[in-house]
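Let's walk through this protein together, starting with its secondary structure and ending at its surface. Please keep the viewer open as you read.

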Amino acid sequence: MSQIMYRLNIHKIDQSCLFELTWGQGQRITASLAFPAQLLGLYEAWRRAYLGYYKQGLRGRVAAAGQVAAVAVDWHSQVVQAEARLLSEFHKWLKHGDLFDLRGELMTASHSGSAKMELFLTCTPLEIARLPWETWEFGQQVQIVRAPATIRAATVSRQPFRRGKARVLAILGDETGLNFAGERTALNAQKRLLDLHYVGWQPGEEAAALKQRICQTIADPLGWDVLFFAGHSNEAAWVDGQVAIAPQTAISIKELSPYLQQAQRQGLQFALFNSCSGLDIANGLINLGLSQVAIMREPIHNEVAQTFLTQLLQRLGQKEDVQAALLGTCQFLKLEQHLTYPSAYLVPSLFRHPDSVPYQVQPVGWRSRLGRWRPQKREVLTVATLALLSLVPPLHNLLMDQRIEVQARYRGLTAQVPPPVAPPVVLLQIDQETFARQGLRDYKPINRGLLADILAGLNQQGAQVIGIDYILDLAQEEHDQTLNQVIRQGIEQNQIWTVFITARNPDGRWIQPYGAVTPPEWILQGDARVPHWYLRPRSSRAGQPIPFSYQLALAHHLQQQARSGDLDLPRPRVTGQPLDSQVQGYLRENEPLLPPRADLHWVTRLSYKLHQRWLQPLLDFSIPPDQVYTPVLAWEFLADPAAALGQGTISLADKVVVIAAGGYYEAGLSRDGEDNLPLPPGMGYWRNRLNIDRVGFTGGEAHAYMIHHLLTQRLVLPIPDLVLVLVAALVGKGWVIYCTPRSGQRWHIIAGLAAGTALYGVLSLQLYISGAVLLPWLLPSLTVWLVCWPIFKENNREQH
């Protein structure tokens, strides 16, 4: 809820008053109205009756005009009647037709919505400033607050409201004829919220020493939130008013101004002068740049002052700001104390710098601190919307693709590409030209004679771990026996680990290789699925095959350990215990060969129910493909294996070889083209940078990345967007709580938030590389900005 601010200047020149209403972007209404001569007479009559009723215990020096005759007079009746006549004539004048447009604008604005409307009222000269302008009614939404005609301070320094107890300096002045016990009681009753410090005259203290002590206390380096004065005071325009601090000793606002300015720079927010005739005091203090001052325009009785203070402090303790608290206190005096204290509600006024925020005592204690974190309806809707968006799989995948591309660019830009090493995977790709050169017309199912020739060549080149990314579940009589012999020969002569892919049939059963090709006992089988773009974790579900890439990584580890001389290991054999049973038995009795992140996390399993993949490791396309796998075209390998493998520069003995489709259209398990996947943006970046002229991305390449990550333990853990959105909501709420009192520094706050967002982005990019953790950026950043949106608004004052 924002506030609309209007400014109304009323200036009396001779017998006329000029009214000038301004607001918005230069809008203005002016009117000139004759000033009724009898109005000042009625005011003086009311003032005489008022002073007559409150003749004892006034907090000021009453002039001779306020002396009362000795005869018995019903002063209560006199003041009530004088008030009625004054207000009747005053409001009759303000209803004059010449003010119709001005009143209409204010009335229309007050009924245009639920927003509060502030009307800053400036009256000159002093004789009309004394009139009860606060009684001019435009509707409950209009809040009348006064501002002096002269303000030399260009802007008011908006210090943040102090968290915890407000520091209050209570100056108790000359107590002659008064009693400050009521003030002390009212202030001490709020010790839970106020950190009180009293300063005042001590019997026998010299005037100069007292002035020096008061000035030094006002300028205390710890600063004050509230300055309170109780005692006698007077108007004195040439010195901005003066206050009595001891018998026969007064000090002017002019004398106090350097110390008050120091206090204001150190956080002074509000001053309350619970004393008489404070118009000059208020004008002087606001002119110095103090944000808000409450004063009494007329002499005030001691009991009225104490009742006023008690009620005002109670309202401030109930989290009302000073503007609302003063208005409520005046209503209390008018409605509930009018018989005891007639006309007292007409006397208080609040002066504010137009660029200020009404002061509000901040709550204390853990309940109040916790209460500040209570989410607003707008915040709940914002966070809930973004949280739901984070659960939409297509949007999540899109954001993830873009995030990995940025990560790839960041890695390339900062030259954090891992040092060149021989890729652990050789991707032997069967492309369309391979079929053409071999004279094959049928692309699907794959010709098993072709596979037999490739496997035979790999056996001769010393390959130890071979993955076949083809389903071989149907008979192909002319080639099955040949392929079987090549597989048997590789196992018997070289103990080659062979891993076939498998997939689930529509009936729920997992596909097995055709028996004539290979018995299941000779080989390992792995799930062929390639999620977008995540590593396939090892499932703990009974009957669920281990992922293809996981099986190949296991086989590589076991084969490497066997080469190092460890003989008590599972080994491929054509007789004896099935190979898969050997491997699982070994893993049950020994330390896991692959990192824990490669297993299915229970959080990931639960997230599957929401169609999410929380904490499931990613395929890290920020790593260039030339460090992940070495591509070898099948036709080149068949034509000249040594040349295709770089004339001995690529040793297959310590590599994982994957035979996979190389991008021809028919490749796929259940339908043509299924194996040709959309190109991940991160991979596209590296292909452009490495001048690789390819468009698509194959399942074999995805498997190669999975194998690489398992072998190198490069398992990037993605933190769920939902978690980071909720964390960002807390960060944004904390930023709002911290920055709301600093709304005057809005552009600094925005710059700080922008810098924090950028810093978070850079840190998340670096954490991805250094810690293998992916922190989502867009949705969490958007959450922080949207939660913080209110502090960017120019007129967002209700948050204070």
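Helices here are DSSP runs of H or I with at least four residues, numbered from the N terminus, and strands are runs of E with at least two. The bond that joins Lys444 to Pro445 is a cis peptide bond, with omega at about 0°. Keep in mind throughout that this is a predicted model.

Another cis peptide bond joins Thr124 and Pro125, again with omega at about 0°. Pro125 sits in the loop between strand S4 (117-124) and helix H4 (126-129).

Now step back to the whole chain. The protein has 26 helices and 24 strands. Its radius of gyration is 43 Å, while the globule rule gives 28 Å for 800 residues, so the protein is more spread out than a compact globule. The C-alpha trace tells you how that looks along the principal axes: it spans about 135 × 60 × 45 Å. Of the 800 residues, 54% are buried. The accessible surface comes to about 35600 Å², and carbon and sulfur atoms account for 54% of that surface. If you count contacts between residues at least 6 apart in sequence, 77% of them join residues at least 24 apart.

Leaving aside residues up to four places away in sequence, Trp93 touches several residues, among them Cys17, Phe19, Leu33, Pro36 and Trp133.

His611 is exposed, since its relative accessibility is 64%. Its backbone also deserves a look: phi is near 60°, a positive value in a residue other than glycine. Lys319 has a positive phi too, near 75°. Lys319 belongs to the loop between helix H9 (302-317) and helix H10 (322-336), and with 52% relative accessibility it counts as exposed.

Next come the charged side chains. Side chains of opposite charge can pair when their charged atoms come close. The model has 27 salt bridges. One of these pairs Lys733 with Glu379, whose closest N and O atoms are 3.0 Å apart. The pair links distant parts of the chain, since Lys733 is in helix H24 and Glu379 is in helix H12 (residues 377-390), 354 residues apart.

Asp195 and Arg167 form another salt bridge, at 3.8 Å from N to O. Here Asp195 is in strand S7 (residues 194-200) and Arg167 is in strand S6 (residues 166-172), 28 residues apart. Asp195 is partly exposed at 28% relative accessibility, whereas Arg167 is buried at 9%. The salt bridge of Arg509 and Asp507 has an N to O distance of 2.8 Å. Arg509 is exposed, with a relative accessible area of 59%, and Asp507 is partly exposed, at 48%. Glu134, Arg146 and Arg297 are linked in a network of salt bridges.

Val723, Val727 and Val731 make a nonpolar patch of about 220 Å². Val723 lies in helix H24 (residues 721-739), the helix that also holds Lys733. At 41% relative accessibility, Val723 counts as partly exposed.

Note on methods:
Residues are numbered from 1 along each chain as its sequence is written. This is a predicted model: local features need pLDDT of at least 70, side-chain atom pairs count only at pLDDT 80 or more; totals for chains, interfaces and linings use all residues. Side-chain values use heavy atoms; hydrogens and water are left out. Patches are made of residues with over 30% relative accessible area and no salt bridge: like charges are joined within 9 Å, nonpolar side chains (Val, Leu, Ile, Met, Phe, Trp, Tyr) within 5 Å. Accessible areas come from the Shrake-Rupley method with a 1.4 Å probe; for residues, only the protein chains shown count as cover. A salt bridge is a side-chain nitrogen of Lys or Arg within 4 Å of a carboxyl oxygen of Asp or Glu. Buried means under 20% relative accessible area, exposed over 50%, partly exposed in between (1.4 Å probe, protein chains only). Contact means heavy atoms within 4.5 Å. The radius of gyration is taken over C-alpha atoms; the globule rule is 2.2 Å times the number of residues to the power 0.38.
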